[in-house]
Amino acid sequence: MSDSVNFNILLKQKTRSIYKEIFRKLIHLCSALIPTLLDIAYYPIIILLVLAVVFYSISEVFRLKGIDFPIISKITEVAARTRDANKFVLGPVTLVIGILIAAIFLPPEAARVGIYALSFGDGTASLVGKLIGRVTIPFSGGKTVAGSLACFIAVYISCFCVCKNVLISFFVALSAMIIEVLPLKDFDNVIIPFVVGGIFLIVQQVLIM
């Protein structure tokens with residue numbers, strides 16, 4: 001009886017963890033719309049992203065003081081990982097900052113590739129790792145082989161859709177997979193868009209030459 005109860009508890013915890021991960025990665029996937037929105041209205045979208053970071057940060061400070069902002073605080077609560085309990089949840093902030101850095105400092109095509117790498121690659125890696133990941137990668141903070149392969153495939157496809165070049169897409173996907181494996185926690189959101197977009201530029205110049 002005790003074993004059955006423990007199994008049910010573990011199953012509920014696993015299911016809750018998966019639901020949280022799906023919800024978090026849906027937010028990640030929504031960020032794939034940003035490059036298109038930037039093409040339509042660059043400066044207004046940049047301003048809105050900055051305001052989103054400011055507003056979210058204020059809402060988090062109040063949430064930690066026991067004052068909830070409608071909708072925002074609830075979304076944060078649903079998406080927060082166990083490690084984020086009773087802490088400022090950095091994920092949304094680093095996500096938007098990573099997108100802003102890529103959008104401001106990279107050419108549009110490279111920024112698109114970098115943001116897609118974050119949206120599709122990082123998002124897919126975490127979700128696949130949670131769902132079917134069995135073999136973990138040493139010194140990666142729990143990252144899985146299945147998640148890393150999913151990241152490679154997602155970034156390869158998204159990059160190819162942008163540049164239509166097999167070799168460029170391969171090297172960009174490989175670099176994204178390597179970065180994603182690093183135990184960077186939420187700060188991979190900041191690093192992936194700019195670094196992967198930068199690598200796209202370098203590989204593109206080398207191969208074209």
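Ser-119 is buried, with a relative accessible area of 0%. Buried means under 20% relative accessible area, taken with a 1.4 Å probe on protein chains only. This is a predicted model, in which local features need pLDDT of at least 70, side-chain atom pairs count only at pLDDT 80 or more, and totals for chains, interfaces and linings use all residues. Residues are numbered from 1 along each chain as its sequence is written, and side-chain values use heavy atoms, with hydrogens and water left out.

**Around Ser-119.** Ser-119 lies in helix H6. Its side chain makes a polar contact with the side chain of Ser-31, at 2.6 Å. A polar contact is a pair of N or O atoms within 3.5 Å; within protein, one must be able to donate a hydrogen and the other to accept it, and residues adjacent in sequence count only if both atoms are side-chain atoms. Leaving aside neighbours within four places in sequence, Ser-119 contacts (heavy atoms within 4.5 Å) His-28, Leu-29, Ser-31 and Ala-32.

**Overall fold.** The protein chain has nine helices and zero strands. Helices are DSSP runs (H or I) of at least four residues, and strands (E) of at least two, numbered from the N terminus. Of the 209 residues, 42% count as buried. Among contacts between residues at least 6 apart in sequence, 72% join residues at least 24 apart.

**The core.** A nonpolar core is a set of buried Ala, Val, Leu, Ile, Met, Phe, Trp, Tyr and Cys residues joined through side-chain atoms within 4.5 Å. The largest one holds 41 residues; Val-172, Val-196 and Phe-200 touch the most other members.

| Helix | Residues |
|---|---|
| H2 | 34-40 |
| H3 | 42-64 |
| H5 | 91-105 |
| H6 | 108-132 |
| H9 | 188-208 |

H7 and H8 also each supply at least two. H6 gives the most, with eight residues. Val-172 touches Val-113, Val-155, Cys-159, Val-196 and Phe-200, not counting residues up to four places away in sequence.

**H7 against H8.** Helix H7 (residues 145-163) and helix H8 (residues 166-181) pack at an angle of about 145°, with axes 8 Å apart. Axes are lines fitted to C-alpha atoms over the stretch in contact, and angles run from 0 to 180 degrees between N-to-C directions. The contact includes Val-155 and Cys-159 of H7 and Val-172 of H8. By class, it has 16 nonpolar, two polar and one charged residues. Here Ala, Val, Leu, Ile, Met, Phe, Trp, Tyr, Cys and Pro count as nonpolar, Asp, Glu, Lys and Arg as charged, and the others, Gly among them, as polar.

Conventions. Buried means under 20% relative accessible area, exposed over 50%, partly exposed in between (1.4 Å probe, protein chains only).
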